Amino acid sequence: MKKSLIAVVVLIAMMFTLTACGQAPAPSESTTPSQPASPSPSVSIEPAKEPPVIGVSNASVSNTWRVAMWDMLKEQLDKDKNSGLIKDYYYVDGEDNDAKQAAGTEDMLNKGIDLLVIAPATESALDGVIEKAYDSGVPVVVFDRRCTTDKYNTFVVTDDVKNGEMAAQRMVDLLTQKNGAPKGDIVVIQGWVGSGPQIDRQKGIDNVLSKYPDIKQISQPDCKFQRSEGKKAMADVLTRFNKIDGIISHSGEGLCGALEAVDEAGRTDCQLITCIDGYNGVLKLIKSGRVDSTYLFPARLGLDAYLVGMKILSGESVEKTTYLPNIAVNKDNVDQFVKMDGDDGLWTY
Amino acid sequence: MKRTIEDNMGKWLSGIRGVNKVHIALLVIIAVSVLLSFKSFSNWTNAMNIMNNVSLFGGIAAIGMTFVIISGGIDLSVAAVMGFAANISCNYYNIYKAGGLSEGAAITLMLIVTFGGAAVIGLLNGALITYLKIEPFIVTLGSMTVLSGVNLWITQGKNINGVFEFFSNIGTGSFTWLNNGTFFFGPVTGEAARQVAFRIPLVPIIFIVFCIVFNIVLKRTVYGRRVFAIGGNAEAAKLSGIKVDRIRLITYVLCALLAAVNGLLLGSWTKAYAPNLTLGFELDVIAAVIIGGTAMKGGLGSIGGTISGLIILQILYNMINLGIDLSAFGIGLSWAPETYVRQFIKGVIILGAVIMQRRPSNK
């Protein structure tokens, strides 16, 4: 009993000594020791004297959009590392788990980073580590999902509510063109009900459509952002409604499934279609004229957040929220985005 | 002992061979659905959609699950096996398209890998359960997680599209009679779909054939009776000379193979694979089997019951989309559940069906 007690005490002592020795000074000497204690709209730092180390903390890669988002960001990070623009980068995958992401991000901070680019798994759980980074002088760029603390440099996001509004407004215009007045029966295919994108996009759609009482959302099937669910749900909607003037879809993949169901039922209505997100399958349909337009939710979001972070490191000041421009894709500009010989499931932008 | 209405009805109906509560429930639900949404529900297209959904979204896997649950076990890995089958199918198609293999070779390899992989999972499940004596719930939860990880790794988290024409014809093809009298078999879209006089999709036919075959296996072969025996009382079965371990092993392999068939068909219908394609399907499959009258503890059950359970679930999902429409009766009421309410309704109905299915414990 005594022996094991001594062993434990020795082990603990060893651990403390090792961690004390392991506290390496931060690789970049550019962070000024005195940072303002309260958050200010923009924190600028002296330009880095040597290439920075970037820390990327990602909620997860649990869906294809997130996979594409990380792929694009990683490609850029690797490129910049090879060219010497950055010294190195660390990556944490939270697997949609708050504790895991927080712990991994803490580790990154301890290893020493010059910029934190983070997509928090949930709103408040990552506040602690975000504030720690900010207070220690590391600029923080939050992207894709919100945090509830104020201590960050900028929040980079695509305005999904605006996407919904643009898709709905276009539908209003199309219906007015066709029927002479803004009226008609439309189906609004939902993304995974309860998810952030679905809530925001539907909010935008409702914002616009509530002004036109003659346009009725006759059905709101849930496609769960998936092709097979979109096909299944649309088949039922087609059975119920004989005349559908148009479709607005939260999801490109779900829309592709739904249009398969329309084809298999041999329907000639459902002519007017707008969509949200840049699923390659939908881009191909825009090229062929089947779908009128789509409003992008770029998988570039992570990459753009990193680029904004680099701007901060080079001394530029930024707004508290950086909205990426909403991009409408239609027949006129689809060639810039579509990959005709690429898989339907690609996120090209 | 007080006689409930169920007891009385049960006594009367049990005179009729093979009828059990779930078949009554199914008839009631069909009747209610017909009344509530006459125009939309009671037409051939809708009925065929429902049968398609029954077969594709877990039907064939449920046949295997029935065997497993009757034997006293459970298999949570079926959804992952279904996903695996769809995944491999799309992958080999893309390899063929990129010129890597001839079509024949690609299809053969695809079938070998799909069913070989499923058999391996089934063997793994069976072996861990029988020889290491670990709880089926835990073992199949583990194999589900492992296989889901493999699925993700194969496509690196991405979607993958495209299946062999042979399989997409099976998945989306129908025996079709056109208005002008022509008959053909194949996928029906666009202009042809508007000329259809009558059509029967192939997928439900495949499902029914599997049901008939495996009903015979369950009810009339020695193996089937041994499955019941093990589920009823494993100790007694072992003492009477039944090789309990081997029967269990075979059952888990059978379940995985049937899940693979289901996955192949599902992939052929969607013509694509996404990482969350079969998310949560194992729960639907298990719910259908339980609603169908197979007891969780084993020893009781039937394929017929499972089929009714499957149809009940799919009708519910269909009715949630169709909503109530009384216009056929001259009443101007038309309502469909609001988006956020649907999940709630689904849960309430499944709970209700399961409660209706409970067996009084003193029987």
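1. At what angle do H4(B) and H13(B) pack, and how far apart are their axes? The two helices meet at about 175°, with axes 8 Å apart. Axes here are lines fitted to C-alpha atoms, for helices over the stretch in contact, and angles run from 0 to 180 degrees between N-to-C directions. H4(B) is therefore roughly antiparallel to H13(B); angles under 35 degrees count as roughly parallel, over 145 as roughly antiparallel, 65 to 115 as roughly perpendicular and the rest as oblique. Helices (H or I, at least four residues) and strands (E, at least two) are DSSP runs, numbered from the N terminus.

2. A word on conventions before going on. This is a predicted model, in which local features need pLDDT of at least 70 and side-chain atom pairs count only at pLDDT 80 or more, while totals for chains, interfaces and linings use all residues. Residues are numbered from 1 along each chain as its sequence is written, and chains are lettered from A and ligands numbered from 1 in the order in which they are written.

3. Among the residues that make the contact are Gly58(B), Gly59(B), Gly64(B) and Met65(B) of H4(B), together with Cys255(B), Ala259(B) and Trp269(B) of H13(B). Two residues are in contact if their C-beta atoms, placed from the backbone, lie within 7 Å. By class, the contact has 16 nonpolar, six polar and no charged residues. Here Ala, Val, Leu, Ile, Met, Phe, Trp, Tyr, Cys and Pro count as nonpolar, Asp, Glu, Lys and Arg as charged, and the others, Gly among them, as polar.

4. H13(B) (residues 244–270) also packs with H8(B) (residues 165–172), at about 90° and with axes 7 Å apart. That makes H8(B) roughly perpendicular to H13(B). Phe167(B) and Ile170(B) are among the residues on the H8(B) side, and Leu264(B) and Trp269(B) are among those on the H13(B) side.

5. The largest nonpolar core holds 92 residues, of which Met65(B), Val81(B), Met82(B), Cys255(B), Ala256(B) and Ala259(B) touch the most other members. Such a core is a set of buried Ala, Val, Leu, Ile, Met, Phe, Trp, Tyr and Cys residues joined through C-beta atoms within 7 Å. A residue is buried if 20 or more other C-beta atoms lie within 10 Å of its own, exposed if 12 or fewer, and partly exposed in between, with C-beta atoms placed from the backbone. H13(B) gives this core its largest share, 15 residues. Leaving aside neighbours within four places in sequence, the contacts of Cys255(B) include Met65(B), Asp75(B) and Gly122(B).

6. Another helix to look at is H11(B) (residues 222–232), whose buried residues are Arg226(B), Val227(B), Ala229(B), Ile230(B) and Gly231(B). They pack against H4, H10, H12 and H13 of chain B.

7. Now for chain A, which has ten helices and twelve strands. Of its 349 residues, 50% count as buried. Strand E3(A) (residues 115–119) has five of five residues buried, so it is largely enclosed by the rest of the structure. Leu115(A), Val117(A) and Ala119(A) point one way from E3(A), and Leu116(A) and Ile118(A) the other way.

8. What flanks this strand? E1(A) (residues 53–58) pairs with E3(A) in the parallel sense over five bridges, and Gly55(A) stands opposite Leu116(A). E4(A) (residues 140–143) also runs parallel to E3(A), joined by three bridges, with Val142(A) as the bridge partner of Ile118(A). Two strands pair if DSSP finds at least two bridges between them.
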